[in-house]
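Me: I have a structure open and would like to learn how to read its features. Could you take me through them step by step?

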Amino acid sequence: MQQTAKARRVGDALLAYYATIQSFLRHQITAKESFHYTKDTKGSLTLAINTVLQLRELNSRKLILASEDLESHKLNKLVKKHWSEIIVVYKSQLTGKPLVTTNKKEHYDAHLYKEEVKRLQRIEQDQEHAKLQKIVNSATMAPILADIKAAEPSFIKRNGKEVLKAIDSPVFWEMVGVATVTRGIGSNAILGRATTPIARLFKIARKGELCLETFGLCAATITIDGVALHAGMNGLHWALDEQELIDNSPEGYFWSVVMMGAVQFAGALHARAVASYPSSSTSMSSAARH
């Protein structure tokens, strides 16, 4: 019963949230266009994106309420994920024809997306629109958002599911494969003999010869190989005609560097375990003899 009441409260909060922002998104400036409608009163790309996100990402509240939302890397990833569906809705709005679901894969259109960003930026320059934006961002929305926030899963649950989903995806294993292939290629080409992967760092540490330069070379090695990994993944997606998965954002490169660091660290631990195994076996057999 308690869960049902909570779900009802969250549902009411979501309805109130969307009702509050609808007038804002439909408000026409002097040029007779709004976030959701163009000058010729046809639905905009923003309307198509928000429609799909409301259906597919309901609890995330990832809606476009400003041009900077469209420029957000996080929201852009969601848009790319649902791009084929967004384009179906967008074309239906332009033609006035009913929605026709199709399995056809639509390639992400960066030019169309950038033009929509510019259109929203133009609307935001209107003073009346700026006043409405303040209402949407005001404290009156706080209680509504608090009810929605309370229903969200914890950080661990939310990210745990995302990690499991990522590991179960073909892209993750493609990344592991490319990381294995590209590891050391870029750093050896640039740093030469100064290349310091994590395995070498462990060896230097055992000798007691660690210094700041060693850490710097290790960081440079991981970074170069991480960038090579990301470039390799982008090349693979291009070759497989998966344009929507190509990611040239700084955040994307950062996580590839993290991934390369994890691969190197796991490899170094494995090598260390293998190296210590014979010595531990020898010591056990020698102890048995004694």
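Reply: Happy to. Let's begin with a definition: a salt bridge is a side-chain nitrogen of Lys or Arg within 4 Å of a carboxyl oxygen of Asp or Glu. Before we apply it, note that this is a predicted model, where local features need pLDDT of at least 70 and side-chain atom pairs count only at pLDDT 80 or more, while totals for chains, interfaces and linings use all residues. Residues are numbered from 1 along each chain as its sequence is written, and side-chain values use heavy atoms, with hydrogens and water left out.

Me: How many salt bridges does the rule give?

Reply: The count comes to five. In one of them, Arg119 pairs with Glu116, with the closest N and O atoms 2.9 Å apart. Both residues sit in helix H6, three residues apart, about one turn of the helix. Helices here are DSSP runs (H or I, at least four residues), numbered from the N terminus.

Me: Why do residues three or four places apart in an α-helix point the same way?

Reply: An α-helix has 3.6 residues a turn, so such residues point the same way. Another case is Lys118, which forms a salt bridge with Glu115 at 3.5 Å between the closest N and O atoms. These two are also three residues apart in helix H6, about one helical turn.

Me: Which side chain does Arg119 meet at 3.3 Å, N to O?

Reply: That of Glu33, in another salt bridge. Arg119 lies in helix H6 (residues 110-124) and Glu33 in the loop between helix H1 (2-26) and helix H2 (45-56), so the pair ties together parts that are 86 residues apart in sequence. Taking in the neighbours, Glu33, Glu116, Arg119 and Arg122 are linked in a network of salt bridges.

Me: Is Arg119 buried or exposed?

Reply: First the scale: buried means under 20% relative accessible area, exposed over 50%, and partly exposed in between (1.4 Å probe, protein chains only). Arg119 is buried at 7%, Glu116 is buried at 7%, and Glu33 is buried at 2%. By contrast, Lys118 is partly exposed at 47%, and Glu115 is partly exposed at 37%.

Me: What does Asn50 touch?

Reply: Contact means heavy atoms within 4.5 Å. Leaving out residues up to four places away in sequence, Asn50 touches Leu25, His36, Leu63 and Ile64. Asn50 belongs to helix H2 and is buried, with a relative accessible area of 1%.

Me: How do I read burial along a helix, and which residues of helix H12 are buried?

Reply: One way is to look at the arc, taken over the directions from the helix axis to the C-beta atoms. In helix H12 (residues 198-206), Ile198, Leu201, Phe202 and Ile204 are buried. Seen down the axis of H12, the buried residues fall within an arc of 165°, so they line one face of the helix. Just after H12, Gly208 has a positive phi of about 75°.

Me: How far does helix H13 reach from its first C-alpha to its last?

Reply: The expected span of a helix is 1.5 Å times one less than its number of residues. Helix H13 (residues 212-239) has 28 residues and reaches 40 Å, close to the 40 Å expected. Its buried residues include Thr214, Asp225, His230 and His237. After H13 comes Asp241, with a positive phi near 60°.
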